[in-house]
2 protein chains.
Amino acid sequence: MTKETRYAEASMEAMYRIFTVPEAPGSTLGKIDQKLSQNIAGFLQEHIVAVEKDLEELQKDFSDSEIPEKPIFVSDQADFLMDKLVAQSVHTASPSFIGHMTSALPYFMLPLSRIMIALNQNLVKIETSKAFTPMERQVLGMIHRLIYQQSDEFYAKWMHEPGHSLGSFCSGGTIANITALWVARNGRFDKDPKQGFTGIQRLGLYGALKHFGYNGAAILVSERGHYSLGKAADVLGIGRDSLISIKADANNKIDMRELKTRVEQLRREKIAIIAMVGVAGTSETGNVDPLDQMADLAAEIGCHFHVDAAWGGPTLFSGKYAHILKGIERADSVTIDAHKQMYVPMGAGMVIFKRPSLVSSIEHHADYIIRKGSRDLGAYTLEGSRPGIAMLLHSGLKIIGRAGYEILIEQGIEKAKAFADMIRQEPEFELVTEPELNILTYRYMPAFVRAKLSTATPVEVDQIHEVLNRLTKRIQKNQRARGKSFVSRTTLTPEAWDRRRTVVFRVVLANPLTSHDILRDVLAEQKHIASTNACEQCMQELHALCDDRPLRAHAV
Amino acid sequence: MTKETRYAEASMEAMYRIFTVPEAPGSTLGKIDQKLSQNIAGFLQEHIVAVEKDLEELQKDFSDSEIPEKPIFVSDQADFLMDKLVAQSVHTASPSFIGHMTSALPYFMLPLSRIMIALNQNLVKIETSKAFTPMERQVLGMIHRLIYQQSDEFYAKWMHEPGHSLGSFCSGGTIANITALWVARNGRFDKDPKQGFTGIQRLGLYGALKHFGYNGAAILVSERGHYSLGKAADVLGIGRDSLISIKADANNKIDMRELKTRVEQLRREKIAIIAMVGVAGTSETGNVDPLDQMADLAAEIGCHFHVDAAWGGPTLFSGKYAHILKGIERADSVTIDAHKQMYVPMGAGMVIFKRPSLVSSIEHHADYIIRKGSRDLGAYTLEGSRPGIAMLLHSGLKIIGRAGYEILIEQGIEKAKAFADMIRQEPEFELVTEPELNILTYRYMPAFVRAKLSTATPVEVDQIHEVLNRLTKRIQKNQRARGKSFVSRTTLTPEAWDRRRTVVFRVVLANPLTSHDILRDVLAEQKHIASTNACEQCMQELHALCDDRPLRAHAV
């Protein structure tokens with residue numbers, strides 16, 4: 001029996017071998033493993049196929065619904081994965097893929113991940129995680145301190161205190177936001193023995209609103225807030241209509257005047273305000289709400305102030321730019337993702353709570369697990385069983401350090417500013433949103449269109465916009481399909497265009513390996529795509545709308 | 001500059017190296033990595049310290065709340081992790097640790113995990129996951145087929161159909177249960193244009209109940225249901241008091257008579273029944289509810305029937321024991337964890353939906369992501385960004401195969417039956433719950449106590465029980481601290497003891513490496529602990545209560 005075939009047999013002996021005998025170094029999987037440990041970037045570059053296959057085509061390789069009866073060889077599965085899955089995955093680590101919120105990973109994250117997976121701890125309770133529990137509590141404490149800068153005494157007292165928690169780790173920003181708003185909702189209607197009220201946790205939202213005579217409950221956030229907040233409003237039983245979307249101003253920041261007006265209106269209508277959410281780095285434009293002003297208003301009306309800093313939180317590492325987040329230290333809770341700008345692999349979100357007792361309104365226990373009075377982290381998490389991924393952030397914070405993260409954050413913001421300058425200098429592009437952090441949006445706009453727009457009637461502007469929107473989509477899809485580089489796209493409603501729906505390219509500059517040359521190449525490729533057949537129809541329509549002589553021929 | 005120190009510097013160049021230069025093979029982390037790839041079991045055995053340190057002691061190593069200013073050497077962090085974290089973690093893979101729901105992992109899971117982490121895909125949308133999306137949809141289809149056994153045509157039509165989903169992957173069973181009950185709640189009050197009702201997703205629970213004139217909403221489950229269901233009732237705004245806990249019978253299965261009585265009562269009170277939850281493998285005793293009878297009742301009253309098969313679901317792989325889950329194929333939704341009995345690392349839960357359109361009531365979209373009409377999986381998940389862990393289950397299903405999983409499942413159930421026989425043959429133990437799957441509970445009960453209990457008055461039984469409960473806790477804690485083996489503990493209310501609170505040892509037999517010899521050693525160690533100083537006080541009390549001559553001396 002060769003090394004390759006020793007598992008592929010439906011017998012107890014073969015099953016036993018699966019758990020006890022490692023892959024041979026010379027086996028397919030053994031070789032991949034070794035290659036990956038020596039050269040991640042080379043591995044990804046070599047094995048991910050650049051040119052995109054049609055999705056319908058890809059599906060054919062994943063269409064069998066039967067679980068195979070007999071075991072197959074590990075090497076056969078490894079070959080299949082390399083050919084059909086890895087080859088057709090997205091090169092998220094590529095420095096020219098600047099449309100995602102994922103980036104290349106620091107090298108040390110891979111061997112550390114293997115340790116984490118081999119240990120297979122479960123952070124729901126100490127019995128299945130031991131030292132991982134104080135380690136995770138420490139990481140939460142460190143991030144708490146990054147945001148709230150409390151004293152040594154504060155952390156000495158609270159970091160490991162049973163019955164309390166400075167935050168919770170979770171799989172990502174969505175669960176973090178839901179957890180924060182769950183805490184806010186339950187805190188708003190917490191038990192009150194004096195009033196004979198056993199609390200929303202026991203009685204539910206219906207019981208709570210009836211008890212206090214409210215007509216409903218609401219959460220307020222800017223129209224640029226993350227889509228997970230709508231999901232939170234749905235899941236928490238508040239309803240999407242009660243996630244009150246406040247207009248953003250020309251800089252994509254919440255309009256404080258409208259926010260105040262809506263708050264007053266809700267109070268008149270006897271709607272309980274559960275939380276106000278500030279955004280620190282909108283997913284689409286990277287802008288930060290006026291957190292200090294929001295904190296003032298939240299304090300005035302006595303409501304929970306949550307800041308969604310999933311993206312922008314790590315800006316706090318930067319001496320130069322942390323001031324953009326001024327006011328975050330007044331938030332009752334903050335969402336921050338380690339798998340974004342802290343360069344940890346996917347699956348590492350956090351919500352941090354200013355006051356260590358805030359979590360009491362969601363506290364839960366069970367007899368065989370997370371017992372009362374324990375330090376078990378599961379008592380305050382939406383998830384149950386969870387892996388020990390905090391270990392990777394612990395390592396990032398140590399190996400990269402505050403000063404290292406500062407460099408990474410600042411290079412991203414400065415690169416975004418440089419890219420904005422490049423776009424401004426190109427006559428064929430329009431910068432739609434300036435980068436406040438490291439995200440910007442822009443679109444392709446030939447000079448003759450720009451000229452026409454400056455004198456066009458509103459109806460003409462509408463018509464041109466409609467074609468530009470289609471053109472932007474075409475260019476973005478084509479660029480993606482060519483596989484050399486990637487920007488994402490979204491739809492904004494810029495003040496400058498009287499809030500017309502405007503499809504834009506969206507660029508996220510977090511990968512330290514992205515160079516200025518790469519950015520120049522991205523623009524050059526987009527100009528090239530605009531000149532090919534793929535865009536011919538749109539370009540002709542634009543020429544017609546702009547009374548410009550139509551081009552006779554397009555490059556292919 | 002040596003290999004070890006090249007990152008530990010706060011400069012852009014050093015930050016760049018972190019992302020581009022691998023660990024040297026001879027470095028601390030490089031050596032650990034290599035060791036782990038050759039011998040996981042040996043690594044864990046060698047590096048995890050057996051004897052437990054006091055938690056207060058452990059905390060000292062994780063007490064600094066400051067993020068270090070300067071980067072430290074990777075090798076220093078690796079040394080720290082090995083000494084302070086790995087050494088003090090829980091040996092979940094050990095064959096003599098039979099109290100956890102985690103087990104040893106098949107070897108191939110580790111190199112495959114490295115590929116998964118290096119690719120760092122985000123399954124929220126196709127743009128960040130490409131082939132991973134059809135791959136995950138296929139895995140969900142395979143598990144759907146395992147449960148529901150629909151035709152080839154069914155899967156050909158629905159597996160990859162936009163706007164539909166056969167299930168969703170998530171970080172674990174808790175999120176799976178919450179997702180299922182979210183679907184059930186929203187489906188119960190879905191939009192109905194004819195009635196002028198825009199649906200609970202928009203209007204919230206309060207609006208929905210008011211519209212239909214209900215006084216509340218409820219979910220029913222046996223008292224043995226998982227604690228995540230209480231959390232779900234809280235989060236979803238229903239309230240924990242409205243998670244109606246139905247008595248379990250002597251076999252820890254839901255009492256159908258009481259269930260029917262409560263259903264009728266709720267209907268009289270105009271409480272909307274959102275879902276009935278069947279448990280297929282309770283966490284504490286491994287018993288399975290009468291799913292077929294529950295399905296009948298759910299059909300009769302027209303409510304969502306959810307089965308929490310997080311633990312027991314993979315029993316469906318077994319030709320011999322699948323019948324225990326009879327009726328699961330009638331459930332509207334099923335929770336099943338791949339990180340439990342499918343031997344995937346932590347972080348792989350699933351909820352499967354019988355009808356592919358069931359998810360429409362929770363569907364959500366956003367402009368820059370998960371666009372309408374796409375196949376993006378993010379439209380139906382509670383989480384947002386998620387890793388591609390489905391790849392590991394895909395590999396498990398292929399490399400282990402149906403027949404391999406059958407062997408693993410059956411060896412666990414048969415080992416549990418064998419262990420139950422061993423316990424019955426020991427005069428000093430009481431088997432509290434028989435294993436239906438691979439979980440059982442028992443406790444230490446010296447022969448003189450057993451003799452006394454057969455003739456004791458109820459008050460005497462109470463007194464003896466109270467001491468036995470303390471004794472069981474002592475033995476369990478001591479065994480854990482000694483670090484040789486581990487059983488967990490929980491509190492049951494057995495019919496045989498007139499539903500007195502009874503602390504028991506809980507044993508989970510999923511690790512294929514656990515031998516009969518190990519099981520005999522676990523019992524021997526418990527008997528030994530009972531004879532040591534640690535248990536002296538309890539034993540003396542028992543002797544006094546049982547009129548037995550007190551022992552003169554105890555071994556240490």
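Colleague: At what angle do helix α12 and helix α13 of chain A pack, and how far apart are their axes?

Modeller: In this model, which is a predicted one, helix α12 (residues 256-268) and helix α13 (residues 291-301) of chain A pack at an angle of about 15°, and their axes are 11 Å apart.

Colleague: What makes α12(A) and α13(A) roughly parallel to each other?

Modeller: Angles under 35 degrees count as roughly parallel, and the angle here is about 15°, so α12(A) and α13(A) are called roughly parallel to each other. In handedness, α12(A) passes α13(A) in a right-handed crossing.

Colleague: Which residues of α12(A) and α13(A) meet?

Modeller: Met256(A), Leu259(A), Lys260(A) and Val263(A) come from α12(A), and they meet Gln293(A), Leu297(A) and Ile301(A) of α13(A). By class, this contact has five nonpolar, one polar and one charged residues.

Colleague: Why is α5(A) called oblique to α14(B)?

Modeller: The axes of helix α5 (residues 74-86) of chain A and helix α14 (residues 390-399) of chain B come within 10 Å and cross at roughly 140°. Only angles over 145 degrees count as roughly antiparallel, and 65 to 115 as roughly perpendicular, so a crossing of roughly 140° makes α5(A) oblique to α14(B). This crossing is right-handed.

Colleague: Which residues meet where α5(A) and α14(B) cross?

Modeller: From α5(A) there are Val74(A), Gln77(A) and Leu85(A), which meet Met391(B), Ser395(B), Lys398(B) and Ile399(B) in α14(B). These residues divide into four nonpolar, two polar and one charged.

Colleague: How do you know that α7(B) and α14(B) are oblique to each other?

Modeller: Helix α7 (residues 132-148) of chain B packs against α14(B) at an angle of about 50°, with their axes 9 Å apart. Since roughly parallel is kept for angles under 35 degrees and roughly perpendicular for 65 to 115, an angle of about 50° leaves α7(B) and α14(B) oblique to each other.

Colleague: Is the crossing of α7(B) and α14(B) left-handed or right-handed, and which residues meet there?

Modeller: The crossing of α7(B) and α14(B) is left-handed. Among the residues of α7(B) that take part are Phe132(B), Met135(B) and Val139(B), while those of α14(B) include Met391(B), Leu393(B) and His394(B). By class, the contact of α7(B) with α14(B) has eight nonpolar, one polar and one charged residues.

Colleague: What is the relation of chain B to chain A called, and why?

Modeller: A rotation of 180°, with 0.0 Å of shift along its axis, superposes chain B on chain A with an RMSD of 0.0 Å. That is the relation of a two-fold axis.

Colleague: How do you know that the copies meet through the same surface?

Modeller: 148 residues of chain B are in contact with 148 residues of chain A. Of the interface residues of chain B, 100% are also interface residues in chain A, so the copies meet through the same surface.

Colleague: What makes chain A as compact as a globular protein of that length?

Modeller: Chain A has 19 helices and 11 strands. Its radius of gyration is 26 Å, close to the 24 Å that the globule rule gives for 556 residues, so chain A is as compact as a globular protein of that length.

How values were computed:
Residues are numbered from 1 along each chain as its sequence is written. Chains are lettered from A and ligands numbered from 1 in the order in which they are written. This is a predicted model: local features need pLDDT of at least 70, side-chain atom pairs count only at pLDDT 80 or more; totals for chains, interfaces and linings use all residues. Two residues are in contact if their C-beta atoms, placed from the backbone, lie within 7 Å. Copies are superposed by least squares on the C-alpha atoms of residues with pLDDT of at least 70 in both. Axes are lines fitted to C-alpha atoms, for helices over the stretch in contact, and angles run from 0 to 180 degrees between N-to-C directions. Helices (H or I, at least four residues) and strands (E, at least two) are DSSP runs, numbered from the N terminus. A crossing is left-handed if the near helix is turned anticlockwise from the far one by less than a right angle, and right-handed if clockwise. Ala, Val, Leu, Ile, Met, Phe, Trp, Tyr, Cys and Pro count as nonpolar, Asp, Glu, Lys and Arg as charged, and the others, Gly among them, as polar. The radius of gyration is taken over C-alpha atoms; the globule rule is 2.2 Å times the number of residues to the power 0.38.
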